Amino acid sequence: MRTIPDTAAMLSLSTGAEILRSRVPPACELPFDTYDNSLGFLRRLVQAPLIIHRLARRLRALRPEVGICALPALLDLLMMAALRRNHAPMLVVVHDADLHPGDGRPLQMFLQRRLMRRADAVIALSHHVAERLREQRLVASDRLCVLFLPPFVFGPQPPPPLAHGGALRLLFFGRLLRYKGLDLLADAVRALNTRSPWVLRVVGSGPECEDLAALRAVRASRWRTAGCRRMRSAN
């Protein structure tokens, strides 16, 4: 956003954000103390009036014209209140209208839905998410915008698939948590019906779970029919 002409973009991150401890951290004009555990969250809620007052004062110096919540979190209602004291609207980006299994705590659900209802506008990243928000009556149509993530290109384009002349290589990587779609991956692998060779690797960190066991079982059953089909998981 900083590359857009006549636009000044400022970033506010939790002081505990991992990206601020990276080798090349981004510029963060408004670092914000959040919490490390449930007790810390309750302590911040008790301090809400003081936090809003201090945030509003810091925002007054930055003079933002609009706030964009890129990923809803539990304390964003405090930021919304501070922005409104400075007469700045707040937009909320919604990645998924349905809570993940790991996000099902009643208080978290209540606060995130309250945030969406009170936002000046809500941005959905797909028509599916927008339709789910309408069905749940969380956002009125006149406050709902639908956007799409553009294709991101980092460096030169990679060679086309199968250019190496070997088996098709499939990679699933990241945090190996249940709601990340490991069950969908197992179903997709079972449904894959092709005589062409392929290799699937599942690499990441996370606890053992039934979905990883199911993927290993698929690997074992496929091994007898096609020795070139393999899967590896790292925990």
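Visitor: How many residues apart are Asp187 and Arg190 in helix α6?
Guide: This is a predicted model, and in it Asp187 forms a salt bridge with Arg190, with the closest N and O atoms 2.9 Å apart. Both sit in helix α6, which covers residues 182–191. They are separated by about one helical turn because their spacing in the helix is 3 residues.

Visitor: Which residue forms a salt bridge with Arg134?
Guide: Look along helix α5 for a residue about one helical turn from Arg134, 3 residues apart from it. The closest N and O atoms of the pair are 3.4 Å apart, and the partner is Glu131.

Visitor: And Arg216, how far apart are the closest N and O atoms in its salt bridge with Glu208?
Guide: Arg216 is partly exposed, with a relative accessible area of 23%. Glu208 is exposed, at 51%. A salt bridge here needs a nitrogen-to-oxygen distance within 4 Å, and the closest N and O atoms of Arg216 and Glu208 are apart by 3.2 Å.

Visitor: How many salt bridges does a search of the whole structure find?
Guide: Side chains of opposite charge can pair when their charged atoms come close. Among the pairs found are Asp187 with Arg190, Arg134 with Glu131 and Arg216 with Glu208. For the whole structure, the search gives 6.

Visitor: Arg44 is buried yet has no salt bridge, so what is the nearest side chain of opposite charge?
Guide: Arg44 lies in helix α1, residues 38–46. The cut-off for a salt bridge is 4 Å, while the nearest side chain of opposite charge is 5.1 Å away. That side chain belongs to Asp33.

Visitor: Which backbone atom lies 2.7 Å from a polar atom of the side chain of Arg44?
Guide: Setting aside neighbours within four places in sequence, Arg44 is in contact with Phe32, Asp33, Thr34, Tyr35, Ile51 and Leu75. One of these, Asp33, supplies the atom from its backbone. It's the backbone oxygen of Asp33.

Visitor: Which strands stand at the edges of the sheet?
Guide: The sheet is open, with 4 strands in the order β1-β2-β3-β4 and parallel pairing. An edge strand has a single partner, so one of its sides is left without a neighbour in the sheet. Neighbouring strands are turned by 25° against each other on average, direction ignored. The edge strands are β1 (67–69) and β4.

Visitor: What is the bridge partner of Gly67 in β2?
Guide: β1 and β2 run parallel and are joined by 3 bridges. Strand β2 spans residues 90–94, and the residue in it that partners Gly67 is Met90.

Visitor: What angle does the direction of α5 make with that of β4?
Guide: Helix α5 packs on the sheet, where it touches β2, β3 (121–124) and β4. Its direction and that of β4 make an angle of about 160°.

Visitor: Where is Arg137, whose phi is near 55°?
Guide: That phi is a positive value in a residue other than glycine. With a relative accessible area of 73%, Arg137 is exposed. Its place is the loop between α5 (127–135) and β4 (144–146).

Note on methods:
Residues are numbered from 1 along each chain as its sequence is written. This is a predicted model: local features need pLDDT of at least 70, side-chain atom pairs count only at pLDDT 80 or more; totals for chains, interfaces and linings use all residues. Side-chain values use heavy atoms; hydrogens and water are left out. Helices (H or I, at least four residues) and strands (E, at least two) are DSSP runs, numbered from the N terminus. Buried means under 20% relative accessible area, exposed over 50%, partly exposed in between (1.4 Å probe, protein chains only). Lys and Arg count as positive and Asp and Glu as negative; His and the chain ends are not counted. A polar contact is a pair of N or O atoms within 3.5 Å; within protein, one must be able to donate a hydrogen and the other to accept it, and residues adjacent in sequence count only if both atoms are side-chain atoms. Contact means heavy atoms within 4.5 Å. Two strands pair if DSSP finds at least two bridges between them. Axes are lines fitted to C-alpha atoms, for helices over the stretch in contact, and angles run from 0 to 180 degrees between N-to-C directions.
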